[in-house]
Amino acid sequence: ERLDICAAKRYLRTQLARHRRLSSPEGGKEAGLVGSTAPSEETKETASQTSAASANSVFEKLSLEFQQMVIKSEEMRQVNAIVDNIESFLLDKPAPKDPMSSEEMSTFRTLLDDQFSRLNIQIQRSMQTNETGVVAFTYEDLTIVLEPVSPKLFGVSATVYTGRVGHKMRKNALLMNYLGQYTRGGAIKEMQSATNNRGESDIMFFHHDRVDLNFREFRNILENFIDTALNIKKELSTYHDTLYKDAESRRIDGDLLNRGKAILGELSEGNESILTRIFTVKNSEKVLVHLDSLGNLVANTGKSELWYNVASLILKYTTNFCNAQQSTTDASFLISVQAQVFQSCLKNKFFDEKFIVLCLDDSFESTEVLNKFIQKVFHTREMLEIGKMHQTLSNIISVTKELCSKNDRAVPEIETKGFDEYCEYILLYARDQQHAKEAILCLDWIFDKKPIEPTQNSALLLQTATTHNPKEIWSW
């Protein structure tokens with residue numbers, strides 16, 4: 001993108017220089033700048049040679065307007081202002097997208113207004129979209145803006161800082177963006193200040209999600225966004241790099257990023273040095289980050305045997321680490337690693353029984369582990385879409401019972417307190433006819449564990465089903 005912008009600037013500066021050289025009307029006519037409503041062949045050739053592909057669409061729309069404004073400009077400072085404004089446009093705005101049709105905008109506004117109508121009742125406000133689908137409101141010293149990104153996506157943003165941005169602040173913002181750890185999946189971006197004060201920037205916090213979420217999810221996303229934005233605003237200027245003070249941690253992160261192929265080769269040959277290095281890091285949060293990066297690196301190869309071997313090693317090293325420490329904190333660390341490995345299995349479609357046994361083996365009698373695994377399944381949309389959610393849930397229960405029976409232990413209890421939320425997830429995922437059968441199997445699984453109760457929440461679930469889901473689901 002930066003190279004494209006440089007090419008765009010170079011083209012604009014070239015046109016400006018030509019205008020300076022050919023200031024007379026006669027010279028202008030020869031160059032095709034005066035008395036012409038379209039760019040000359042020479043201009044088109046210059047543009048094609050110096051503009052990158054992603055900048056072409058911008059120039060096609062702006063070149064004619066640019067030339068006409070140059071012709072009318074009697075003072076060079078006006079021309080410079082034009083160039084600066086176009087550069088600002090290129091720097092701050094993405095490539096233009098096709099505008100939403102009136103029907104798409106109407107659907108988007110209806111969905112977003114429906115969310116806000118419920119929210120308004122709870123917080124006693126009267127917020128709704130304007131004709132462009134935008135909603136803005138203030139909370140403490142933040143202005144929160146929601147706007148359409150596409151017919152099915154809304155974007156939410158807030159300015160968390162305005163002023164001069166130094167090297168330290170910029171570095172801290174980048175560190176908070178890293179893997180979305182401090183932004184809950186949102187993104188921090190530096191932009192030219194809306195006040196146009198020279199040398200000042202706005203640091204914005206962005207997130208986008210589907211507009212057809214159920215209300216509970218929508219409210220959670222909005223609350224989490226506001227909490228995170230306030231934390232970023234508070235910490236941005238004072239945030240210290242606690243994640244990367246450890247030099248070895250920095251080296252591990254660099255190796256996982258830049259030596260991925262070599263590390264995969266080492267693991268295939270039985271070289272466990274990368275895991276040995278990871279577990280020398282003293283901060284457990286850093287260890288989790290590195291294990292997640294390693295897991296993704298291996299899982300993305302699609303090689304199930306390699307992933308199985310590496311996942312086994314990760315769990316073995318984690319167990320040994322926790323046994324050596326023997327504290328409640330390390331017990332929760334083991335559960336976090338198990339859940340992380342299991343999540344990677346699900347996302348990469350490694351959900352055979354042997355993977356479930358691998359992840360449960362050391363904690364098959366743990367109520368917390370069992371229920372965390374069930375939660376991970378319901379949170380993984382792809383499981384329902386490929387028709388494996390119900391089978392995986394059943395496999396988790398059968399593997400747990402088998403391991404408990406083999407070791408003469410009591411089967412851990414399944415907690416039902418989150419089941420209403422799981423129902424909402426299923427109804428959210430199963431909007432298409434092809435997913436209806438799998439969704440009904442999962443709903444049967446839930447209500448086999450928890451009887452249906454005539455509560456306000458079950459009424460909302462029925463309302464959601466009749467509004468958004470295929471007939472088979474709301475008939476069920």
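## Reading a sheet, a buried residue and a pocket

Author: Helix α6 (residues 102-123) lies across β1, β2 and β3 and runs at about 145° to β2. Here contact means heavy atoms within 4.5 Å; axes are lines fitted to C-alpha atoms, for helices over the stretch in contact, and angles run from 0 to 180 degrees between N-to-C directions. The model is predicted: local features need pLDDT of at least 70, side-chain atom pairs count only at pLDDT 80 or more, and totals for chains, interfaces and linings use all residues. Residues are numbered from 1 along each chain as its sequence is written, and side-chain values use heavy atoms, with hydrogens and water left out.

Reader: How many helices and strands does the protein have?

Author: Helices (H or I, at least four residues) and strands (E, at least two) are DSSP runs, numbered from the N terminus. The protein has 22 helices and five strands.

Reader: In what order do the strands form the sheet?

Author: Strands of a sheet pair through backbone hydrogen bonds, either parallel or antiparallel. Two strands are taken to pair if DSSP finds at least two bridges between them. In this structure the order is β1-β2-β3-β5-β4, an open sheet of five strands with antiparallel pairing. Its edge strands are β1 and β4 (187-192), each of which pairs on one side only. On average, neighbouring strands are turned by 30° against each other, direction ignored. Helix α8 packs on this sheet, touching β1, β2, β3, β4 and β5, and its direction makes about 15° with that of β3.

Reader: Which strands do the hairpins join, and through how many residues?

Author: β1 and β2 form a hairpin with two residues between them, and E140 in the turn has a positive phi of about 50°. Strand β1 (residues 135-139) and strand β2 (residues 142-150) pair over five bridges; A136 has V145 in β2 as its bridge partner. A hairpin through two residues also joins β2 to β3. Five bridges link β2 to the antiparallel strand β3 (residues 153-163), where L153 is the bridge partner of S150.

Reader: Is M204 buried or exposed?

Author: Buried means under 20% relative accessible area, exposed over 50%, and partly exposed in between (1.4 Å probe, protein chains only). M204 counts as buried because its relative accessibility is 13%. Its place is in strand β5. Leaving aside residues up to four places away in sequence, M204 touches S157, A158, T159, A187, I188, K189 and M191. The C-alpha atoms of M204 and A229 are separated by 9.0 Å, although these residues are 25 apart along the chain. Of the 476 residues of the protein, 43% count as buried.

Reader: What is the volume of the second largest pocket, and which residues line it?

Author: On a 1 Å grid over the protein atoms alone, a pocket is an open set of points where a 1.4 Å probe fits, with protein on both sides within 12 Å along at least five of seven lines; lining residues have an atom within 4 Å of a point. Grid points are joined across faces, edges and corners, and a volume is the space filled by probe spheres set on the points. The second largest pocket holds about 1,500 Å³. Of its 39 lining residues, R184, Q343, K347, K376 and H379 are the closest to its centre. The largest share of the lining, seven residues, comes from α8.
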